[in-house]
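Biologist: I would like to go through a structure feature by feature, with the general idea before the particular case. Please show the chain to begin with.

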Amino acid sequence: MSFAADCKQELCMIENKRACCLKAECYGLLLFSKCFSARESQMVCENAAVARRVAEAAAVSAGVYAEVRSQLRRKNIGAYAITIPGEAARIQMIRSFGHDENDVNLHIHEENLQKDCCISAFLRGVFLICGTVTDPQKEYHLEFSTPYLHLAEDLVAVLHRVKAAQLSPSIARRKNSYIVYIKESAAIEDFLTLTGAVNSAMNLMQIKMYKETYNNLNRVSNCETANLDKTYSAATKQIAAIALISDKVGLDELPADLRRPPFCGWKTPKCRCAKWGSGFPSAVPV
């Protein structure tokens with residue numbers, strides 16, 4: 001499975017023990033689905049666990065029946081179509097969260113998010129139904145997709161309300177949808193931890209640490225290689241210059257300070273190794 005599928009599978013294993021959190025998660029699941037309307041509509045979900053969670057949310061929190069049918073999409077990928085049959089049932093679902101079926105623009109009703117734990121549960125529901133996260137091996141990117149601008153703006157406001165983390169969300173337009181996205185790796189880690197995907201957050205941290213270590217080693221290696229190349233290039237030029245002077249002029253014609261080789265580890269700085277010939281002051285090894 002993909003990293004996003006693993007995250008959602010982990011989130012679907014969480015059991016809401018508080019009634020307020022259960023309602024908040026159901027609210028996020030249904031509000032950001034394409035079924036939150038008095039008109040007959042359908043949404044398609046590729047994750048079986050999420051599809052079951054939506055059906056349970058509709059039944060438990062709104063008291064309506066959600067029909068889930070399996071179908072095949074392109075490339076033989078399995079998917080699940082979710083609908084809420086009956087206009088009366090859809091109106092009941094909408095009103096159960098304080099909305100009106102005649103609302104032109106959808107907004108997040110704050111009365112459904114009274115506590116910090118409710119915000120976490122709500123964001124979990126939103127991520128399950130319309131969110132995705134990119135494999136951290138490739139890049140750091142988490143996003144939510146909704147066709148409603150006001151809903152996207154309200155979601156950004158809710159993300160800013162999270163006290164435990166600095167999520168820094170942004171909004172972009174993509175075709176007929178509005179994308180709320182987070183790019184910082186630390187913010188993605190905080191979001192996954194906040195919503196309950198602790199194992200996925202740990203996996204992301206481990207991948208991040210490995211990538212940073214690998215990149216640091218790469219930089220050090222490249223730096224050392226560049227320095228060695230520079231040293232080799234400079235030494236080659238010096239040897240070529242010495243050879244040219246030796247052939248054209250002769251080393252004996254050079255001034256004494258230019259004829260002296262580098263200090264070779266003897267006590268006397270002006271020492272000459274045996275290969276430089278005789279006639280030089282004697283020296284005592286260190």
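## Reading the chain

Modeller: Keep in mind that this is a predicted model. The chain has nine helices and seven strands.

Biologist: What percentage of the 286 residues is buried?

Modeller: Buried residues make up 38% of the 286. The accessible surface comes to about 17100 Å², and carbon and sulfur atoms account for 53% of that surface. Of the contacts between residues at least 6 apart in sequence, 64% join residues at least 24 apart.

Biologist: How should I read a nonpolar core, and which residues have the most contacts inside the largest one?

Modeller: In soluble globular proteins, nonpolar side chains tend to be buried together. Here the largest nonpolar core has 70 residues, and F32, F122, F144 and L192 have the most contacts inside it. Helix α5, residues 116-130, supplies the largest share of this core, with 10 residues.

Biologist: What is F32 in contact with, leaving aside its neighbours within four places in sequence?

Modeller: F32 is in contact with I108, F122, V126, I129, C130, T146, L151 and L155.

Biologist: Now a helix. Is α1 mostly covered or mostly uncovered?

Modeller: The general idea first: an α-helix has 3.6 residues a turn, so residues three or four places apart point the same way. In this model α1, residues 3-11, is mostly covered, with seven of its nine residues buried. The buried ones are F3, A4, A5, C7, K8, E10 and L11. Their cover includes the helices α3 (48-62), α5, α7 (185-195) and α8 (198-248), together with strand β4 (131-133).

Biologist: How do I read a sheet, and in what order do the four strands of the open sheet come?

Modeller: Strands of a sheet pair through backbone hydrogen bonds, either parallel or antiparallel. The order in this open sheet is β4-β5-β7-β6, and the pairing is antiparallel. At the edges are β4 and β6 (170-174); each has a single partner strand, so one side of each lacks a neighbour in the sheet. From one strand to the next, the twist averages 25°.

Biologist: Which helices pack on the sheet, and which strands do they touch?

Modeller: Helix α5 packs on the sheet and touches β4 and β5 (142-146); the direction of α5 makes about 80° with that of β4. Helix α7 also packs on the sheet, where it touches β4, β5 and β7, and its direction makes about 65° with that of β5.

Biologist: How many bridges join β6 to β7?

Modeller: Five bridges join β6 to β7 (residues 177-182), and the two strands run antiparallel. One of the paired positions is R174, whose bridge partner in β7 is S177.

Biologist: Is S185 buried or exposed?

Modeller: S185 has a relative accessible area of 12%, and therefore counts as buried, since the cut-off for buried is under 20%. S185 is in helix α7. Leaving aside neighbours within four places in sequence, S185 is in contact with Y140, L204 and K208.

Biologist: How many disulfides does the structure hold?

Modeller: The structure holds zero disulfides. The test is distance: a disulfide is a pair of cysteine sulfur atoms within 2.5 Å.

Notes. Residues numbered from 1 in each chain as written. Heavy atoms only, no water. Core = buried A, V, L, I, M, F, W, Y, C linked by side-chain atoms within 4.5 Å. Buried < 20%, exposed > 50% of the residue type's maximum accessible area, 1.4 Å probe, protein only. Contact = heavy atoms within 4.5 Å. Pairing = 2+ DSSP bridges. Axes fitted to C-alpha atoms, helices over the stretch in contact; angles between N-to-C directions. Areas by Shrake-Rupley, 256 points an atom, 1.4 Å probe, with all protein chains shown as cover.
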